[in-house]
Amino acid sequence: MHLIVVGLSHKTAPVEIRERLAVPESRLGEALTRLCSYPGVKEGILLSTCNRVEVYSVVEDVDTGYGRIQEFLADTHLSLSSEQLTPHLYWHTGDRAIAHLFRVASSLDSMIIGESQILGQLKDAFEVALAHKTTGVIMNKVVKKAISVAKRVRTETKIAEMAVSVSYAAVELAKKIFSNLHEKTVLLVGAGEMAKLAAKHLIANGVGHVRITTRTPQHAVDLAEKFGGTAVPFDQFKDDMASADIVLVSTGAAHYLVGAEDVHRAVQERMNRPMFLIDISVPRNIDPAVRHVDNAFLFDIDDLKHRVEQNRAERVHEAEKAERMVIEEVTMILDWMKSLEVTPTIVALRNRVEDIKRAEVEKVLGRLGHLSAQDRELVEGLASSIVNKLIHRTMVTLKNEVNSSSGPAFVEAARQFYALDRPAASTQQTETYSESSRYLTDSRPQSEADEPTPEPSVPKRAR
């Protein structure tokens, strides 16, 4: 069996292709069932987001599997032909497929490195696949490991700690000034998209009170209702500034709306408690002279963008650590997958020798009916001990060599030596303990040894 991935992402396909290929959540189950109906496709998971559509699958043959999944993707949207789709696809198998999944889960392949949404989307895709029974031993293990790797990356690196959006950079700076945003008050002056997004982030990080003012009173009321806050008349917001710990300004005004004197007065009314001011307006709406007011901390759009660029560079540095973790984890899961190749052989070998032992013990005990229960246990124990010692080295060698380049050869040799690919019934007569003993101990010429010999009589028990 082989693990493969076929898909496209923001790196290989424009949004018009991605959106045409995207599978709605309501159709994921049906799509998965159809995927696993293709010959040779044994397991499958479909990850469909705004930035990627990928199929992870366990297939019998790699090349055939690629073709089946490409056909499946083209059939997902009938207006998208294979000719239109193929140039945007990538495909990986083996360690590269596993590494790709681990990188996706850890957000190393995301448009914004370190974003957290993709891990939740992978978990959701996995849940749908589990619900529709399109995964098995291999896919379950690999996806669970991918989730584990993503958690390790977030725990052991700072890849998700530095803000890489202007709106969240504002929140990050506010945390540095106040340490704790719990129950802080933010005054939102204007209603630009970036300001509204920053307000959402502030609320998510503990800000307890939101006050909103815009030039259009009804707009302020609507936004206040949306954020669970309070509307403030636009001509009164300067007087209201003293009640705000954080003032976020984002309007279309072509001049300064807030001056140094306004901020100085507000800080005095606050008994010199710190005030954090964020100006994300272009042109600026807060006079840069505010920077000279004690206990007033002003940051404009350029300050925030500079911080974002620093954070992006830091995330890239942290991503290098994460990439090394992915390589480590891929090696571990590959070892596990290789062990799957030897497991059936070990099980078959154990079953084979157990069948032979059981048949021979039953044959002997049938002739020694006068043995006590204790003696019978001794005979059975002796047989088990001999069998275990005979196959012990074989078992150890198979387990030790499974991850080596010679692993498949050892597995094949064991199956040949013990005739594990032949039905037990056809090998029973030539693999019994008595037959093996005869060939090992008979010193006669081969021509004589090939002739059947009478079974030795069992001596009577001494009285």
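Helices (H or I, at least four residues) and strands (E, at least two) are taken here as DSSP runs, numbered from the N terminus. On that basis the protein has 18 helices and 10 strands.

This is a predicted model, in which local features need pLDDT of at least 70 and side-chain atom pairs count only at pLDDT 80 or more, while totals for chains, interfaces and linings use all residues. Residues are numbered from 1 along each chain as its sequence is written, and side-chain values use heavy atoms, with hydrogens and water left out.

**Whole chain**

Start with everything shown. The protein has 463 residues, and 44% of them count as buried. Buried means under 20% relative accessible area, exposed means over 50%, and partly exposed lies in between (1.4 Å probe, protein chains only). The exposed surface comes to about 24,400 Å², with carbon and sulfur atoms supplying 53% of it. These areas come from the Shrake-Rupley method with a 1.4 Å probe; for residues, only the protein chains shown count as cover. A contact means heavy atoms within 4.5 Å. Among contacts between residues at least 6 apart in sequence, 71% join residues at least 24 apart.

**First stop: the antiparallel sheet**

Select β1 to β4. These 4 strands form an open sheet in the order β2-β3-β1-β4, with antiparallel pairing. Two strands pair if DSSP finds at least two bridges between them. At the edges stand β2 (41–48) and β4 (90–93); each has a single partner strand, so one side of each is left without a neighbour in the sheet. On average, neighbouring strands of this sheet are turned by 15° against each other, direction ignored.

Now select residues 2–9, which are strand β1. Of the 8 residues in β1, 7 are buried. Strand β1 pairs with β3 (residues 52–59) in the antiparallel sense over 8 bridges. Pick V5 and look across to Y56 in β3, which stands opposite. Likewise, G7 stands opposite E54 in β3. Strand β1 also pairs with β4, again antiparallel, over 4 bridges. There, V6 has W91 as its bridge partner.

Move to β2. It forms a hairpin with β3, with 3 residues between the two strands. The antiparallel pairing of β2 and β3 runs over 7 bridges, and G44 has S57 in β3 as its bridge partner. Is β2 enclosed or open? In β2, 6 of the 8 residues are buried, so the strand is largely enclosed by the rest of the structure.

**Second stop: helices at this sheet**

Select residues 137–156, helix α7. This helix lies across β1, β2 and β3, running at about 30° to β2. Axes are lines fitted to C-alpha atoms, for helices over the stretch in contact, and angles run from 0 to 180 degrees between N-to-C directions.

Next select A125, in helix α6 (residues 117–131). Which residues does A125 touch, not counting those up to four places away in sequence? They are I45, L46 and L47. A125 and I45 are 80 residues apart in sequence, yet their C-alpha atoms are 6.7 Å apart in space. A125 counts as buried because its relative accessibility is 6%.

Select β5 to β10. These 6 strands form an open sheet in the order β7-β6-β5-β8-β9-β10, with parallel pairing. Here the edge strands are β7 (230–231) and β10 (296–300), each with a single partner strand, so one side of each has no neighbour in the sheet. Helix α10 (residues 217–227) packs on the sheet and touches β6 (209–213) and β7; its direction makes about 165° with that of β6. Helix α12 (residues 260–269) lies across β9 (275–279) and β10, at about 150° to β9.

Then select T185 in strand β5 (residues 185–189). T185 is buried because its relative accessible area is 10%. Leaving aside neighbours within four places in sequence, T185 is in contact with H209, R211, S243, A244, D245 and I246. Strand β5 pairs with β8 (residues 246–249) in the parallel sense over 4 bridges, and the bridge partner of V186 in β8 is I246.

**Last stop: a surface patch**

Select L382, in helix α14 (residues 373–401). L382 counts as exposed because its relative accessibility is 53%. Together, L382, I386 and L390 make a nonpolar surface patch of about 290 Å². Patches are made of residues with over 30% relative accessible area and no salt bridge, with like charges joined within 9 Å and nonpolar side chains (Val, Leu, Ile, Met, Phe, Trp, Tyr) within 5 Å. A salt bridge is a side-chain nitrogen of Lys or Arg within 4 Å of a carboxyl oxygen of Asp or Glu.
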